[in-house]
Amino acid sequence: MKKKTAKYILFLFTFLFVLFAAPQHTEAASAKTMKKAYTKYMKKVSSKKYFRIVSIGESKKPVLLIARGQSQYARMKEYGETASPYEFMSCDVYYYINGKVKKIGTFENGTRSLTLTKKSGQYYLTNGLSDAAWFGCVKKNKLYVYEYYKEWEKSCVRAGGKKIKNLGYISARTYSKYKSSYKNAGTIKFMKNTGTNRTKAAK
């Protein structure tokens, strides 16, 4: 009888320890909560900046992009050509982590306007050259960038700025295969950091 009682007490103690001492799973923030956090964060950023919220996170979670450098309009104006004032070639990437908006990296590859592409249900931030292409998304709270080069450089995958996978030199045929697996989802049109635009972005 004493042994049974001792076993029961030991079981009860173990159960209570697991229940209260073990870390509890917390529900991931909703897209709406994340968008509100991003637009609130933008209130502290210069009104001269441009931003956009895009769904390149895991499970199409929203991610905040803040444009860097000149717009395509300002850049092409120097050459006497016209372009959109809402398109940019690079941006800083922010993500909602543990209740805070944090910068997780910069996407500044390529010389074209930033676009969105889609592959296997996941959206990617995209740019490139005539013989290179970069695709970025957010996974595990890090900016993942898939870098593909047509023969002249080693292709690879980076996470948080660190190379995690080396794809080596790839042939022109393999390069085209990788690149074509991402489907164009449109050019990213950034928004000027105004109250009206922040309200629109939060919806």
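Is Lys140 buried or exposed, going by its relative accessibility? At 65%, Lys140 counts as exposed (exposed is over 50% relative accessible area, buried under 20%, and partly exposed in between, using a 1.4 Å probe and protein chains only). The views below come from a predicted model, where local features need pLDDT of at least 70, side-chain atom pairs count only at pLDDT 80 or more, and totals for chains, interfaces and linings use all residues. Residues are numbered from 1 along each chain as its sequence is written, and side-chain values use heavy atoms, with hydrogens and water left out.

View 1. Most residues other than glycine have a negative phi. Look for Lys60 in the loop between strand E1 (50-54) and strand E2 (63-71); with a relative accessible area of 42%, Lys60 is partly exposed. (Strands, E, are DSSP runs of at least two residues and helices, H or I, of at least four, numbered from the N terminus.)

**View 2. The second largest pocket.** This pocket holds about 190 Å³ of space. (A pocket is an open set of points on a 1 Å grid over the protein atoms alone, where a 1.4 Å probe fits, with protein on both sides within 12 Å along at least five of seven lines; lining residues have an atom within 4 Å of a point. The volume is the space filled by probe spheres set on the points, which are joined across faces, edges and corners.) Strands E5 (115-119), E6 (122-129) and E7 (132-139) each give at least two lining residues, and E6 has the largest share, with three. Among the lining residues are Arg112, Phe135, Lys179 and Tyr182.

**View 3. An open sheet of five strands.** The order is E4-E3-E2-E1-E12, with antiparallel pairing (two strands pair if DSSP finds at least two bridges between them). At the edges sit E4 (100-107) and E12 (191-192), each pairing on one side only. Seven bridges join E3 (residues 88-97) to E4, and Tyr96 stands opposite Val101 in E4.

View 4. Over residues 12-27, pLDDT (the predictor's confidence in each residue, from 0 to 100) stays under 50. The model has four contacts beyond four places in sequence for this stretch (contact means heavy atoms within 4.5 Å). Where pLDDT is low, the predicted coordinates should not be read in detail. For the protein chain, the mean pLDDT is 89, and 87% of residues reach 70 or more.
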